[in-house]
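Subject: Structure for you to look at

Hello,

The structure we talked about is below, with notes on what was found in it.

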Amino acid sequence: MSFIVEFELSTPILRETATAASKLTIEQVYRSERGATKLVFWAYGDDLESVAAALEADDSIAEFTALEELPERRLYSAALTDWGAGLLTHPAAAANDISFLDITVTDDTAIRARVPSREALQAYRESCREREIPFRLQRIFQEPEPGASRYGVSERQREALLAALEAGYFDVPRDATLAEIAEGLDISDQALSARLRRGQATLLRNTVAADDPT
């Protein structure tokens, strides 16, 4: 099963532009019919004209076009220079079946990606090293199943955990027994015990364990 990885890159791509914006969020990375590597991104900030000036001075950008303008953000399409395209890590990610889910550029580039295996992640990190782009791992956690909460627990596990918490099952000493909680949920003691164990294990993997980069 794939997992989600959050990491940061220190890349010069759009760095000059990011200094003039509060943040940049990259919507799309693609290669045009003419072979240019292009980005579509939102630039956020109070002074959008300074962002346009920064784009003009950005060594990683060959040309750009404003596609849409809103009060506090502007959508751009920009073609990378050959130098900028050579530093792009997106091809290495695609080669390892890594999908970028979110890309935000501020001082550094924060990426949230779906990764098929630890081997794929290692290969991508090696590609960053070869380009001399620092890679800092932030979090690794298992991708939640469909219908799961942001911590990965299923709806039934969440229901069981909350019922146990509210009944005082986790208090010391306990204010409720497993049988009492199971009766309230109309399930067996064994089913409740299994849901609680799986739910607690998932919470630990996606919270406490996820904060440990090792």
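Which residue in β5 does L70 stand opposite? L70 stands opposite R73.

This is a predicted model, in which local features need pLDDT of at least 70 and side-chain atom pairs count only at pLDDT 80 or more, while totals for chains, interfaces and linings use all residues. Residues are numbered from 1 along each chain as its sequence is written, and side-chain values use heavy atoms, leaving out hydrogens and water.

Strands
Strands are DSSP runs of E with at least two residues, numbered from the N terminus; two of them pair if DSSP finds at least two bridges between them. Strand β4 (residues 61–70) runs antiparallel to β5, joined by eight bridges, and the two form a hairpin with two residues between them. β5 also pairs with strand β3 (residues 37–44), in the antiparallel sense over seven bridges; here A43 stands opposite R74. Strand β5 (residues 73–80) is largely enclosed by the rest of the structure because seven of its eight residues are buried (under 20% relative accessible area, 1.4 Å probe, protein chains only).

Regards

Definitions and conventions
Buried < 20%, exposed > 50% of the residue type's maximum accessible area, 1.4 Å probe, protein only. Helix = DSSP H or I, 4+ residues; strand = E, 2+ residues; numbered from the N terminus.
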